[in-house]
Amino acid sequence: MERRISNSRIRWERDGLGKRNRYIDGIDGLRAIAVLMVLAYHLKLPFAKGGLLGVTVFFVISGFLITRILVSELDNTYTVDIKKFWIRRIRRLLPAVLTMTVVLIFATAIFNRVLFTKACTDLLSVIFCYNNWWQIFNQVSYFENAGAPSPLTHCWSLAIEAQFYLIYPLLLIFLARFKENRKVSAFVTAILAVVSMGLMWVLFDPAKDPSRVYYGTDTRAFSLLFGAFLALVKKNRRISKRGRVLSNIVGCISLVGLIYMMIAIDGYGSFLYKGGQGIASLLTVLVIFSVTDESGLLNRILGVYPLKWVGDRSYGIYLWHYPIILLLSNGEKLAWWVNLIEILLTVLLAGVSYYFIETPVRNGVIGKNIAIIRSHPASRRERRKQIRTLKRCMHFGTVCFVTGVGVLFCVAFVPRESALNNIEELEKQAEEVSKIADEKSAEIEMSRNEGENAETQRENLSDEELLESLNLLLIGDSIALGAADEFYEVFPNSICDAAVSRYTTESYAIYASYVNEKGWNGDGVIFALGSNGLLYDSLETLREMVGADRPFFVITARAPHVNWEESNNQEIYEFAESAENTYLVDWYKISEGHSEYFIEDGTHLSPEGAKAYINSIKEVVLVVNRNND
């Protein structure tokens, strides 16, 4: 029996029908919900805290539909033409991506050189579908990633899908050699899904950058595999009336649960890495199972025209929305009318892509035109048609060539620009601050002895003398790092331990090292983290480590380009209000409307901002110590 991969004739356990798959309108509605939630998430709308789960929904849908196509081909022809399959996938994904990236390169080269620089860096990884691994392994300087992220960051999910399309059909071809191959394929697919979900659980560490887990093909493949499993076990048979009622009930409950997760669950929380993504995938599987019943209630609900219209254009909406948001608002939360413009532009460009790029290419316009040009006309009319087609193709080819040259020219010659212009200065400052912290630590014993004699006299000191007498420990990230000099001017006998790209959960080990290894026993701790990730349990844990008798100062975050800014600050507000001997330094409120406090990225401090940042700490520290006296 012939077993060539390019056109494999495979013995396959059929489900009894071997018919062509029918189109399922309800899946378009599910796509629409998913892409709208992703869009709302990136617009920072309050009802889409977990909107990134829309990507998980896309994965499950893709895994189901692609496997359904492969199984249908096996059922009907006992053959998998892998070459044609891959060509169809390329036609589906690549033209729209190329169009988006070309427009993006030109637009950012003119209007935003920082985004242009980031887009150029990611360009090849997007075109050749390894963007997810590029983001994991490419050691780009933290400072180069300051401010808004790359406008091509969202293409990581397309890379994972492309890698699935490349590998999974080959696995099915291999498994088709076994007896009861459909059952074997379903079993292996389920095992791989469980392993993938387990990898996400095991590899996630809240104290580290979660990019490896979030972007990894191995740790995200389970969503695609869950969809594939459904396609393998789903039989193309009519279900009973009771089964239909049960299917609709389960599907509706699952859809409600899925939407609730996208609304209420934080998109960066530990729960999503510890099983939440798997739950969302399983709920999506149940929704898809329900909508495969064409006459079912859920299929009719999700198949309504508005949802279907959005679902048809969901790929284009996903491609265009993120670059548009970054270009117009730099990823910051702005007025509603700015969001409306971003939505309208996204829908407009997605519509253009759908009608003039995606649909024609998917329907084989390129092959049809080539066939007309290579044909041998039998009449004058056919000859004129051939000439018209040739001219159109030449014009189109000329436009593509000129556009390609223009893109190459932009990439090669347009000057690059970083989000931060003082990279070397900040890197040098980080080294100096680390040395100063070590020197301060060496003087702790002497400072402590002197401090014991000074404590009884603090009520008679001036503000400057009081601040000088204090021995505080500030644990911060690059925001505090930028204000280290100002910190030591105000608190000369305190310690500023700040570093680039520091996560909140790193504070435990830092504090423990000062207490246990360096003998620090000072007058309070300043928590200046929260810009680089979620707080997790860091506030409660560090507060307990510090001890109830020692003041604990917590600073709110100003990080307009990240989605956890609002949730972190809300948690800080609530914690400062409820925890004893804990005091709020509301940098977010103080810096509101003061663009002069920040450099170009809107997060790191200007010289004026550094003074304001330390002054906000100074005022709270003075109030607390005067009241205690």
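**Entry: Glu358 and its partner.** I looked up Glu358 and found that it counts as buried, at 3% relative accessibility. (I use buried for under 20% relative accessible area, exposed for over 50% and partly exposed in between, with a 1.4 Å probe and protein chains only.) The side chain of Glu358 meets that of Arg92 in a salt bridge, at 3.3 Å from N to O. For the term, I take a side-chain nitrogen of Lys or Arg within 4 Å of a carboxyl oxygen of Asp or Glu. The pair links distant parts of the chain, with Arg92 in helix 3 (residues 82-111) and Glu358 in helix 15, 266 residues apart. Arg92 counts as partly exposed, at 21% relative accessibility. My helices are DSSP runs of H or I with at least four residues, numbered from the N terminus.

**Entry: what kind of model this is.** I note that this is a predicted model, in which local features need pLDDT of at least 70 and side-chain atom pairs count only at pLDDT 80 or more, while totals for chains, interfaces and linings use all residues. Residues are numbered from 1 along each chain as its sequence is written, and side-chain values use heavy atoms, with hydrogens and water left out. The mean pLDDT (the predictor's confidence in each residue, from 0 to 100) is 87 for the protein chain, and 90% of its residues reach 70 or more. Over residues 1-11 I see pLDDT stay under 50. For that stretch the model has 32 contacts (heavy atoms within 4.5 Å) beyond four places in sequence.

**Entry: Asp28.** I counted up the salt bridges next: the structure holds 10. Which residue does Arg31 meet in a salt bridge at 2.7 Å? It is Asp28, and both lie in helix 1 (residues 25-42), three residues apart, about one turn of the helix. Asp28 is buried, with a relative accessible area of 1%. Asp28 also meets Lys308 through their side chains, at 3.0 Å from N to O. Lys308 lies in helix 13 (residues 305-312) and Asp28 in helix 1, so this pair ties together parts that are 280 residues apart in sequence.

**Entry: the nonpolar cores.** Here I looked for buried Ala, Val, Leu, Ile, Met, Phe, Trp, Tyr and Cys residues joined through side-chain atoms within 4.5 Å, which is what I call a nonpolar core. In the largest one, of 98 residues, Leu30 and Leu302 touch the most other members. Helix 2 (residues 53-77) gives this core its largest share, 13 residues. Apart from it lies another core of 34 residues, including Leu466 and Tyr613. Leu30 touches Val57, Ile61 and Leu302, among others, not counting residues up to four places away in sequence.

**Entry: His154.** I found His154 in the loop between helix 5 (131-137) and helix 6 (156-175). Is His154 buried or exposed? His154 is buried, with a relative accessible area of 2%. Leaving out residues up to four places away in sequence, I list Met100, Tyr318 and His321 among those that His154 touches.

**Entry: Leu348.** My last stop was Leu348, whose place is in helix 15. Leu348 is exposed, with a relative accessible area of 51%.

Methods: Helix = DSSP H or I, 4+ residues; strand = E, 2+ residues; numbered from the N terminus.
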